[in-house]
Each structure stands twice: as C-alpha cells, then as structure tokens.
Amino acid sequence: MLTKFANTMMAHASGILAYYNYPISTAPLEGTNNKIKVMKRQAYGFRDMEFFKLKIMAIHQSKYALVG
C-alpha cells in the first residue's frame, strides 16, 4: 500500500511541486459555485430569475468586500 502511494506521488510530483512556484488555486471559484448551487436548491420553484441573478451578484460582491 505504501508503495502504491509512493508511485502515485511520483506520478504527480511535477504538478504538486509546481504549486510552490505558482500558488494558484481554484478554491475561491469552487466556493462561489457551491454557494450558487445551494442557493439554487433552496429557491426551487421560484420563478423570478432577476432576483436570483441579484442574489448571485450579492454573493460575489460580499466575498470581495471582506478581503480589502
């Protein structure tokens, strides 16, 4: 089992080590997508797409308002 783990790590070593040279992550994007999906499930049956669009924009603005 440890051998299989070591082989997997060696196969992905270049990608893992590249993160330390270029620390780029899609985590903020994935978090925003998850929030939109949760909101979509909660709003099932609502017909007002304009309000839904405003809610999505509010998620986006509030996320970046906390950073600065």
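**Exercise 1.** In what order do the elements of the chain run from the N terminus on?

*Solution.* Start with the ground rules: this is a predicted model, in which local features need pLDDT of at least 70, side-chain atom pairs count only at pLDDT 80 or more, and totals for chains, interfaces and linings use all residues. Residues are numbered from 1 along each chain as its sequence is written, and side-chain values use heavy atoms, with hydrogens and water left out. Now read off the elements: the order is α-α-α-α. The chain holds four helices and zero strands, taken as DSSP runs numbered from the N terminus (helices: H or I, at least four residues; strands: E, at least two).

**Exercise 2.** Find the aromatic pair and classify its geometry.

*Solution.* Searching the whole structure gives one aromatic pair. The ring centres of Y19 and Y20 lie 5.8 Å apart with planes at 80°, so the pair is edge-to-face. For Phe, Tyr and Trp (its six-membered ring), centres must lie within 6.5 Å; planes under 30 degrees apart are stacked, over 60 edge-to-face, the rest tilted. Next, check accessibility: Y19 is partly exposed at 40%, while Y20 is exposed at 65% (buried is under 20% relative accessible area, exposed over 50%, partly exposed in between; 1.4 Å probe, protein chains only).

**Exercise 3.** Which helix gives the most residues to the nonpolar patch?

*Solution.* Begin with the elements giving two or more residues: α1 (2-11) and α2 (13-21). Of the elements, α2 gives the most, with four residues.
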